[in-house]
Every structure is written in C-alpha cells, then in structure tokens.
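Hi,

Here is the model I promised to pass on.

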Amino acid sequence: MNKVTVYTKKNCPQCIMTKQYMDALNIEYEAIDTTENEEARAYIKQLGFQTLPVVEAEGFQAWFGFRPENIDLLK
C-alpha cells in the first residue's frame, strides 16, 4: 500500500470529506493538521499549494481539494 499523507486544517469541509471518503474505502493515511504544524504549512506552500486539503501519495502527483476520482486510484 502507498504511503498517503493528508495535510488538513480544522473546520475545513473539503478536508473532512477527503478523510471520510478515504475512511470509507479503508485507505490508510496520516493526517497532519497544518494549523498546529509550521513545518507542514511551509512544506505545502513550497510545493505550490495554497488550498487544503493537500494529498500526497507515493507514486502519484500531489493534489489539493476533495478529489474522489484521485482517491479512487489509491485503492
């Protein structure tokens, strides 16, 4: 299984939907709250993202937002 990381923040509807969808598909992931993690915030900005969630998975290009079609590929 690919290592999956979801960068999130509190009260983010798209972040919540992304994690719920991954949970429903039994996709394991690590959630990192960027409101509490300065390094993670700097990292996703370095990648060029300004919107959350940002999903990183081995073998895939990172993406932002709730993207069920991309999440489906992680199964």
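A word on the ground rules. This is a predicted model, so local features need pLDDT of at least 70 and side-chain atom pairs count only at pLDDT 80 or more, while totals for chains, interfaces and linings use all residues. Residues are numbered from 1 along each chain as its sequence is written, and side-chain values use heavy atoms, with hydrogens and water left out.

Sheet first. Helices and strands are DSSP runs numbered from the N terminus (H or I with at least four residues for helices, E with at least two for strands). Four strands make an open sheet in the order β2-β1-β3-β4, and the pairing is mixed. β2 and β4 (63-64) are the edge strands, each pairing on one side only. Pairing here requires that DSSP finds at least two bridges between two strands. β1 and β2 (residues 30-33) run parallel and are joined by four bridges, and T5 has E30 in β2 as its bridge partner. To get from β1 to β2 the chain passes through α1, a β-α-β crossover that is right-handed (with the strands pointing away from the viewer, the path from the first strand over the helix to the second runs clockwise).

Now α1 itself. This helix covers residues 13-24, and its 12 residues should span 16 Å at 1.5 Å a residue; the end C-alpha atoms are 16 Å apart, which agrees. The expected span is 1.5 Å times one less than the number of residues. C15, T18 and M22 are its buried residues. For burial, the cut-offs are under 20% relative accessible area for buried, over 50% for exposed and partly exposed in between, with a 1.4 Å probe and protein chains only. On the face turned away from the buried side sit the exposed residues P13, Q20 and A24. The buried residues of α1 pack against β1 (4-8), β3 (54-57) and α3 (68-72), where contact means heavy atoms within 4.5 Å.

C15 also has a covalent partner. A search of the whole structure gives one disulfide, counted as a pair of cysteine sulfur atoms within 2.5 Å. C12 and C15 form this link, with sulfur atoms 2.3 Å apart. The link is right-handed, with 75° about the S-S bond, and both cysteines are buried.

T8 in strand β1 is worth a click too. T8 is buried, at 3% relative accessible area. Leaving aside residues up to four places away in sequence, T8 touches C15, K19, I32, D33, T34, T35 and L52.

Last, the backbone. Most residues other than glycine have a negative phi, and most peptide bonds are trans. N11, in the loop between β1 and α1, has a positive phi of about 55° and counts as exposed at 75% relative accessibility. N26, in the loop between α1 and β2, has a positive phi near 60° and counts as exposed at 65%. A cis peptide bond joins L52 and P53, with omega about 0°; P53 lies in the loop between α2 (38-46) and β3.

Cheers
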